[in-house]
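Subject: Structure for your review

Dear colleague,

Please find below the structure that I am handing over to you. My notes on what was found in it follow directly after.

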Amino acid sequence: MYGKRLRALALTTFAALTLTWVLAFFWAPDDADQGFLQKIFYLHVPLAIVTLGGFVYGAVAAIMHLRTRDSRWDMRSYVAIHLSLVFGVGVLITGSIWARGSWGVWWDWSEPTLVSFLLVMLLYATYQPLRFAIEDPERQARYASVFAITAGAFVPINFVIVRLSTAYLHPRVLGNISGNLPGRFQVVFYLALVSMALLWITLWRYEMTSKHAGAQLRALRRRLSGEDQQDTQPRRSAVPTLGVEAGAPR
Amino acid sequence: MSAPGVSAPGAGPRVPRTRVVLAALLRKELTVELRSFEAVPAMTLFSVTTFVLFHFALSRNTLSGDLASGVLWVTLLFAAVLGINRLFVADAEQGGFDGFLLSPADRSVLLYSKALTLLAYLVVLEVVAVPAFALLLLGPALWPALPGLLAALALGDLGIVVIGTFVGALAVRTSVRDLLGPMISLPLLVPVLLCAARLSSPLLGAGHVGSLPLRWLATLALYDLVFGLITFAVFDFLLED
Amino acid sequence: MILGELSLHHAVPYVAAAFIVFFALILLYLAIMAGKLSRIERELGELTEPAAHRPGAGAKDAP
């Protein structure tokens, strides 16, 4: 069951996030260069790291799906990618706001993080159209997993390559993630990273619970209305179908 | 569409050697393409037309350096995407997949044959497109740049082939294959484009021909290798039914 | 753009905007999820109501 520890997880996340922002705004000193604007850093960078981690987890779950052919892994992969897409939109928008505040432009090609992110998002934006374009659920899940694995490999490689391409243009402050941060900055940053990761995990479990409940509901309806109504879902869907109707436990 | 030469002589279903199957599949691809002229003429014509488009769009008579490199590679990329779209279509529509899957051949051979076919398309494309580019748009002379450019083209083609074969197989049995193909392959091809363009731009510089930047050569080669391995690893899963 | 001249007054709208966007995204996500959950609840209600009248006769075990 995905909902089991959800409440505790949510409360922990809330506490971590609150602590992070309190510390970020009242304890961490202002940056010498950017002043107050630098506070976005505690939002944007952890968001980015967690998003990428989510995509990579989506790839790992996809590998497990191909190995075990268990549709639950497909669902895990789907939700992870779906959630990371939402977070990724946040990364692009907050990064753009930061760029506008720092350098007066809404988009800057010499900022490797944002450029790589744009590319990754363009790729993952095709995930749902791909799923939706395949009717057979088994093949849909299989092809989606193949895509997720390849895209997951693309994420780190793409970052390195884009970084290479902007390397000899002047490096921006955004690039210095946690490399050379003094004391308080580092504490708050890592706290922000942990709380953002907790947020992702909480939302992931939340969506998994919802999807799982929906699948169980469909199975229940099928059972109650009789075997002949197999496709109570005649509509095409990009969402994975869980094999709950087989009476699988959990 | 069974591949001739696959069935092994003698008793028992012996798995035929990869080389034999590969040769048979390639012969089939070549025959089909020569009979129907589906992909290559379209790709080639498209590239020349695109050069003309760029002339009018950029209001330039000659290009050099970054601009020349960029125009050349973007054109090649889009022409390649046309080819990728067509790569698996005949098999999907006419049961070629089933025929292949029923044979005792190793599944990866289909990957090799499609990849080599796409490579062949690209080579023919470039034999026409690169001189056309030199004629229509390139300012500096092509000849001194040619050795380096051939290296850039070779590595770039490898990247296009690896990604293209993967995406072609992925997109072909979906309902919107013509849209999904470019949508998925273009982001994956951006690093290839990036490296190839950076590789080519000093070669096409106005004034004198620069040297091949090794950093981009190595990066492109590595990218080709990594995605080649990934495609090889996951390809079987695309062919299961 | 000289970075040292960024004043607090100038920066606050941007920081606020970033946080608002972040929260808006999260809330939007939760709202959509809430919609799906309430649909599940409604459909569950539709199923259990007739099932309460039927003494389990319609239930068949899936193989």
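This is a predicted model: local features need pLDDT of at least 70, side-chain atom pairs count only at pLDDT 80 or more; totals for chains, interfaces and linings use all residues.

Helix 2 of chain B

The buried residues of this helix are Val40(B), Met43(B), Thr44(B), Ser47(B), Thr50(B), Phe51(B) and Phe54(B). They lie on the same side of helix 2 of chain B, because the arc they cover around the axis is only 120°. On the face turned away from the buried side, helix 2 of chain B carries the exposed residues Thr49(B), Val52(B) and Phe56(B). The cover over the buried residues of helix 2 includes helix 1 (18-36), helix 3 (65-87) and helix 6, which belong to chain B. Just after the helix comes Ser59(B), which takes a positive phi of about 55°.

Helix 9 of chain B

Helix 9 (residues 214-238) of chain B has 25 residues. From its first C-alpha to its last it reaches 35 Å, close to the 36 Å expected at 1.5 Å a residue. This helix has a kink of about 30°, centred on Phe232(B). Its buried residues include Trp216(B), Tyr223(B), Asp224(B), Phe227(B), Phe235(B) and Leu238(B). Which helices cover the buried residues of helix 9 of chain B? Among them are helix 6 (137-166) of chain A and, from chain B, helix 6 (108-136), helix 7 (146-172) and helix 8 (177-200).

Where chain B touches chain A

In this contact, 22 residues of chain B meet 23 residues of chain A. Helix 7, helix 8 and helix 9 of chain B each supply at least two residues of the side that touches chain A. The largest share, eight residues, comes from helix 8 of chain B. By class, this side of chain B has 17 nonpolar, three polar and two charged residues.

Chain C

The secondary structure of chain C comes to one helix and zero strands. Of the 63 residues in chain C, 10% are buried.

Yours sincerely,
A colleague

Note on methods. Residues are numbered from 1 along each chain as its sequence is written. Chains are lettered from A and ligands numbered from 1 in the order in which they are written. Helices (H or I, at least four residues) and strands (E, at least two) are DSSP runs, numbered from the N terminus. The expected span of a helix is 1.5 Å times one less than its number of residues. The bend at a residue is the angle between axes fitted to the seven residues ending there and the seven starting there. A residue is buried if 20 or more other C-beta atoms lie within 10 Å of its own, exposed if 12 or fewer, and partly exposed in between; C-beta atoms are placed from the backbone. Two residues are in contact if their C-beta atoms, placed from the backbone, lie within 7 Å. The arc is that of the directions from the helix axis to the C-beta atoms. Ala, Val, Leu, Ile, Met, Phe, Trp, Tyr, Cys and Pro count as nonpolar, Asp, Glu, Lys and Arg as charged, and the others, Gly among them, as polar.
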